[in-house]
Amino acid sequence: QFVESGGALVQPGGSLRLSCVTSGFELVYYTVAWFRQAPGKEREGVLCINSSGETSNYADSVKGRFAISRDNEKNAVYLQMDGLKPEDAAVYYCAAHFYCSGPNPNDYHFWGQGTQVTVSS
């Protein structure tokens, strides 16, 4: 299972770096994606990174602002979020698959509890 952290209250235009770490399995063999879910909305795919470090963007709204990276030695995946907007506020989750299959959360496994990101002045 994953454990997400790094969520916080941040002002519009600010930055956050979310972390997603695993326990119990070697992350190096897996693709990992970040998802987010705002109140009353469906869970949305954001970015994905495969075991080779290749990334896929699932949300046009984050292009040029968010970036995904991984450190297999630390069993961790990161989401760097810059230029945050109020519409980015959500609970952010990470989950695993064997490849970046697309933004359907039903394809992914080992969900964590999420970390809350609030963007407000």
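Below are some questions and answers about this predicted model.

Q: Why is Phe25 called buried?
A: Its relative accessible area is 14%.

Q: How do you know what kind of ring pair Phe25 and Tyr30 form?
A: Start with the centres, which are 5.2 Å apart; rings pair if their centres lie within 6.5 Å. Then take the planes, which stand at 75°. Over 60 degrees counts as edge-to-face, so that is the name for this pair.

Q: What makes Phe35 and Tyr108 an edge-to-face pair?
A: Their ring centres are 5.0 Å apart and their planes are at 70°.

Q: Why can we say that the pair of Phe35 and Tyr108 ties parts together?
A: Phe35 belongs to strand 4, while Tyr108 is in the loop between strand 9 and strand 10, so the pair joins parts that are 73 residues apart in sequence.

Q: Why is Arg43 said to sit over the ring of Tyr93?
A: The charged end of Arg43 is 3.8 Å from the ring centre. The distance limit is within 6 Å, and the charge must also be within 35 degrees of the ring normal. Arg43 also lies over the face of Trp111, at 4.7 Å from the ring centre.

Definitions and conventions:
Residues are numbered from 1 along each chain as its sequence is written. This is a predicted model: local features need pLDDT of at least 70, side-chain atom pairs count only at pLDDT 80 or more; totals for chains, interfaces and linings use all residues. Side-chain values use heavy atoms; hydrogens and water are left out. Rings of Phe, Tyr and Trp (its six-membered ring) pair if their centres lie within 6.5 Å; planes under 30 degrees apart count as stacked, over 60 as edge-to-face and the rest as tilted. Buried means under 20% relative accessible area, exposed over 50%, partly exposed in between (1.4 Å probe, protein chains only). Helices (H or I, at least four residues) and strands (E, at least two) are DSSP runs, numbered from the N terminus.
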